[in-house]
Amino acid sequence: MNSIDTGSGTTFTDILIVGAGFGGLGMGIQLKRRGKHAFLILERADDVGGTWRDNHYPGVACDVPSHLYSFSFRPNAHWSHVFSPGGEIQQYLRDSARDEGLLPHIRFGTTMRDARWSEADRQWSVQTSQGLFTCRVLIACPGHLADEHLPEIEGLSSFAGDIFHSARWKHDVALKGKRIGVVGSGASAIQVVPEMAAIASELVVFQRSAPYVIPRANRRYTEAEKRLFARDPSQMDKLRAELFWAGETNFAQRRNLPRFVREAKEMALAHLHSQVEDPQLRAALTPDYEIGCKRVLISNDYYPALARSKVRLEASALQRVEGHTAISARGERFELDVLVCATGFEATRPPFAKLIHGRDGQSLDAHWDQGMQAFDSIAVHGYPNLFIINGPNTGLGHNSVVYIIEAQVDYILGALAHAEQQQVAVLEADAAAEARYMDMLDTRAQGTVWLAGGCKSWYVDTRSRRLTLVWPDYAYAFREANATFHPEGYLQTQAVEATP
Amino acid sequence: MNPNDHNRSTDSVFVDGTEVPYYAAGASQGDRPVLVMVHGSTGSTDSHYGYLFPMLAFRQRVVSIDLRQPAQDGALTLTQLVRQVGAVIDRVSGGKPVSLMGYSLGAVVAAAVAAERPDGVRNLMLVAGWMKTDAHQQLRNGIWRELRSTSSQAIRNTMLFCAFSAGFIAARTPQELAGMAEKITLDGFVDQQMDLNGRIDIVDQVSKIRATTLVVGCTQDQMVPKAHSLQLFGAIEDARYTEIDSGHAVVFERPAELLRLVDSFLREPSASAAGSILPASRP
């Protein structure tokens, strides 16, 4: 039984997972595989997939190779490319949810509006668009790329043409032959721009700061390769390990070791020089900060698209919009029919945190007024029986976040097993343990390229200047530190008071 | 100075009339022994440990030697290299036991040092090492010497071909391979090391090793096939064994995976019991 209708429209479930992307599905699959069926997954949309459901813009793909950017326990022999298109990742997650029997556990179209811990009942009350849910354990799987960020630009909402965010693509807007503006030059923009360059009459790209771009060693897998993967799955494990350790090697760049930073920079700048001949365009595309400080992008068709005669790189931010006119910070004016905001996501201050209220009624967002933090990157003092997957300090600049998610799922399974064996009703991160953990992270983060690289990035909280989004070490070190539950870091309340 | 060099300092010891440089970096971590690293044939701290040395310095105090050609004429002996490493240990250890890591010929040297200093080496890591040169190695060594003596242009490509796994080479462009070949050191000291490589026999010493030991074999090693690492695993009393899916040049092919093994082992050397075979990582 997944849940109990307690009457008056309230649904009780032992474990409530919020979000059906990689995090929520990974958690659900592992519960299911362990024969634990007393859980529900709330999903605000009508499909699983998280960021891969929302992002269906032309050219969408992942910048981590598919055989690594997938569950280790669900290898897929059929990835079409080394870097498969976003739609394939979405289909993979759909298939995972169906094949693992998760669909009966998922409540689609159910938006969390408010979650509150009741000390008296030792449970969470979660108000949703579909009524009240109560649960013993709340597992939030918000993702870092869930809520789109729109820049505050004067007149943006009164733009006379069509305007949308890259994660809310309007496929019914005709783009062929139109004058299109793309705002931003990050991971989404570099995938959108070549597609728009192919169909627009004119295209302008508003670039606040230039990204580093490195070659994308993409190719199709042959039918023979795919059949080999299916016939001998150990070949997928071998490939996955190779991709993982190649990614890990690049942590030396993020760690800011001079030799590896230099090599990475040379590779990126050589790529720019080989693809862009015009010295002015080259200059505008040369970053003024250290490589890796912002996400390093991979593309073979971004620079060539910018070099086309109908494409204009405006090396300043979009500042103002008047009617059909987009005006840059440098005062350049562009007449446009369509504006695409490839402006990223609310990462350092995630909106879900405003909804979750802990023991003293304070929202997580207010609690995090100096930036996100959590013990073991998963639990927060004052917020009992709450676990956050892919929350504070879980992002990576150099490897697959699915690996991090799997480590966190293992941690939660350990916590649940501990609570069951020791008859613990309430687990709450100890404040001192949380502070020690954050000090450890601060120490590790010092001198990394994210803090020392001289850029403004979504990895760093603007309020505290702390690195709140990224795990500042190897991915393997995250698993070694945070895949095993640490009971000593928790305040524990027994289910039944011990008799004296 | 870049702070990420962890105050790397350079110093030297004099051994048999030769100045032998070594590098030190990183802060001491409680009672964790200082790590002393010994590179392999044709290598140096900056080439073989260009990745591991600075990264390990984030974790603890590390020292790495650059082995040097002895001043005396005549064939290089293992004893000379053992003395060089011993002199560095004496200088940096403060009389306390050290952790010692060796790669390739450096693993042979490290094993001999550990055998000679049962109380001076607490933890030992032997990566792609061996204890007795066999006919398979001698065959390759002979080809190398013939190419070298005839100044053959094929020697660098032959070395690449032997050092890296097939898959690693297959994934590189011709330009990348040419760049790698160009970087290979060939000099009189390398000749001496290759000569020494052809006549290693430390079987008797290895049985005397008392250190807590991790032996790392490389599954696709054509220069020191993993059978040699397995022999070391069998011969050393307090040894555990694991593998990396790589050619002999693991310090270039899988540096981060090797770092993880060293990092984990040094944090808790006895986490796995003597005789354990540690499973390969499955990310």
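The model is predicted, and I read every value below as computed from it.

Chain B, burial and contacts. With that cut-off, I found that buried residues make up 47% of the 283 residues in chain B. I then looked up the contacts in chain B with a separation of 6 or more, and noted that 74% of them join residues 24 or more positions apart.

Chain B, elements and dimensions. I listed 13 helices and eight strands in chain B. The radius of gyration of chain B came out at 18 Å, close to the 19 Å that the globule rule gives for 283 residues, so I noted chain B as being as compact as a globular protein of that length. Taken along the principal axes, the box that the C-alpha atoms of chain B fill is roughly 50 × 50 × 45 Å.

Chain A, one sheet. I turned next to an open sheet of three strands in chain A, where the order is E14-E15-E16 and the pairing is antiparallel. Its edge strands, each pairing on one side only, are strand E14 (318-322) and strand E16 (333-335) of chain A. For the twist, I noted an average of 25° from one strand to the next.

Chain A, one strand pair. Between E14(A) and strand E15 (residues 325-328) of chain A, which run antiparallel, I recorded four bridges. I also looked up the bridge partner of A:Val321, and found A:Ala326 in E15(A).

Notes: Residues are numbered from 1 along each chain as its sequence is written. Chains are lettered from A and ligands numbered from 1 in the order in which they are written. This is a predicted model: local features need pLDDT of at least 70, side-chain atom pairs count only at pLDDT 80 or more; totals for chains, interfaces and linings use all residues. Helices (H or I, at least four residues) and strands (E, at least two) are DSSP runs, numbered from the N terminus. The radius of gyration is taken over C-alpha atoms; the globule rule is 2.2 Å times the number of residues to the power 0.38. A residue is buried if 20 or more other C-beta atoms lie within 10 Å of its own, exposed if 12 or fewer, and partly exposed in between; C-beta atoms are placed from the backbone. Two residues are in contact if their C-beta atoms, placed from the backbone, lie within 7 Å. Two strands pair if DSSP finds at least two bridges between them. Axes are lines fitted to C-alpha atoms, for helices over the stretch in contact, and angles run from 0 to 180 degrees between N-to-C directions.
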